[in-house]
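Dear colleague,

I am handing over the structure below, and after it you will find notes on what turned up when I went through it. Please read them beside the coordinates.

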Amino acid sequence: MKNIGINGYGTIGKRVADAVSCQDDMKIVGVTKRSPDFEAMTAVEKGYDLYISAPERESQFEEAGIKVTGTADELFEKLDVVVDCTPGGIGAKNKTDIYEKIGLKAIFEGGEDHDAIGCSFNAESNYEENLGKDYTRVVSCNTTGLCRTLKPIYDLAGIKKVRAVMVRRGADPGEVKKGPINGIVPSTEVPSHHGPDVQTIIKDINVISMAELVPTTLMHMHNVMVELENNISTDDVLDAFENAYRVIKIKKSLGIDSTAAIMEYAKELDRSRGNMYEIPVWEESVNVQDGELYYMQAVHQESDVVPENVDAIRALLELEEDYEKSILKTNKAMGII
Ligand code: NAD
């Protein structure tokens, strides 16, 4: 049973903590918080030992009646791997300032740059490359979504070129200080960072992306166009998505006609926090015409990367050599379709 800690118990960190807790080869030893807020309170109520990453605030936790087990540094000493879920940029600093100094393996999230961490991770695409590494980065929610559906197509038919248009949520549901609340905000940098980020995982794929922010909090949406090397049919693609890990086909004809309906579907599945770990692809949108594949998919930004973190832990600790065995083990424990 390997000892895992979460540094930064926020949107991603709290979900990764729960995902690790339901595996039988790893356990959560503790989670860190900076502020004595409701997430700190519920972490303790759930049974997680809470360590503080701002020790000077210990009295604030005492005043709030939230039990603290120790400091973040004390937690790090007990761990085989830390999953760093702090806001973008802090993880890379923690790598050099803390983890490298104490020889602690660490997993980072998509807010960090690939170059600062040295390796990136997507379970189905490059698990083997991560075996035994000290540090890796689970790529962002959008990059994870693109890798999940592009890798099976790449393996099946080869890819000449991908063009992807990313319609991105403006903020997570709990965030009130971010926007936009009115208007669409184009990212005028072309390609957007998503295409190059896919290339940190599927090295020789030719992919160009464009992105814009829209006033929604629920999910991202991707419109994907793929020039294929070899001719395949729409049915071949549907079969490939059927067999891909953590991809599900959804039907507009069944009333799943928006990202809001997908979130409602996740609730119907009784998913914790309404999570949708899989990448839903609209079956009706999948279409091959003149050697080019078109499809539309959605990404639940708060949860699609969560199972990838569990597999990344197995890869770094070499708990499982075979990526498919790790994926299946994680999926079974988390109830992933
Ligand atoms: P968040 O703000 O919800 O949570 C971050 C947590 O880290 C908070 O609890 C915060 O208090 C804590 N924290 C801040 N500074 C800290 C420090 N110095 N030491 C320890 N803890 C600290 O952020 P998030 O959305 O969970 O994002 C975390 C990472 O995951 C980022 O790299 C982000 O880019 C990535 N990510 C986010 C999403 C998303 O949509 N939310 C999706 C995929 C990946």
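Pro180 is found in the loop between β9 (159-169) and β10 (185-187), where helices (H or I, at least four residues) and strands (E, at least two) are DSSP runs numbered from the N terminus. The peptide bond that joins Gly179 to Pro180 is cis, with omega at about 10 degrees. A cis peptide bond also leads from Val190 to Pro191, with omega near 0 degrees, and Pro191 belongs to the loop between β10 and α9 (194-198).

Before going further, please keep in mind that this is a predicted model, in which local features need pLDDT of at least 70 and side-chain atom pairs count only at pLDDT 80 or more, while totals for chains, interfaces and linings use all residues. Residues are numbered from 1 along each chain as its sequence is written, and side-chain values use heavy atoms, with hydrogens and water left out.

On the backbone, Arg273 has a positive phi of about 55 degrees although it is not a glycine; it sits in the loop between α11 (259-268) and β14 (279-282). Arg273 is partly exposed, its relative accessible area being 34% (buried means under 20%, exposed over 50% and partly exposed in between, with a 1.4 Å probe and protein chains only). Arg246, likewise a residue other than glycine, has a positive phi near 60 degrees, and with 2% relative accessibility it counts as buried.

Arg246 also takes part in a salt bridge with Glu308, the closest N and O atoms lying 3.2 Å apart; a salt bridge here is a side-chain nitrogen of Lys or Arg within 4 Å of a carboxyl oxygen of Asp or Glu. This pair links distant parts of the chain, since Arg246 is in the loop between α10 and β13 and Glu308 in helix α12 (residues 306-316), 62 residues apart. Glu308 is buried as well, at 1% relative accessibility. Through shared partners, salt bridges join Asp25, Arg148, Arg246, Glu308, Asp311 and Arg314 into one network.

In total the structure holds 25 salt bridges. One of them pairs Glu39 with Lys14, with the closest N and O atoms 2.8 Å apart, and because Glu39 lies in helix α2 (residues 38-46) and Lys14 in helix α1 (residues 11-21), the pair ties together parts that are 25 residues apart in sequence. Glu39 counts as buried at 12% relative accessibility, and Lys14 counts as buried at 15%. Asp172 forms a salt bridge with Arg169, where the closest N and O atoms are 2.8 Å apart; Asp172 is buried at 10%, and Arg169 is buried at 14%.

As for aromatic side chains, the count comes to 6 aromatic pairs, a pair being rings of Phe, Tyr or Trp (its six-membered ring) whose centres lie within 6.5 Å, with planes under 30 degrees apart counted as stacked, over 60 as edge-to-face and the rest as tilted. The rings of Phe241 and Tyr295 have centres 5.2 Å apart and planes at 70 degrees, so this pair is edge-to-face. Phe241 lies in helix α10 and Tyr295 in strand β16 (residues 292-299), so the pair ties together parts 54 residues apart in sequence. Phe241 is buried at 1% relative accessible area, and Tyr295 is buried at 2%. Phe76, Tyr99, Phe108 and Tyr135 form one aromatic cluster.
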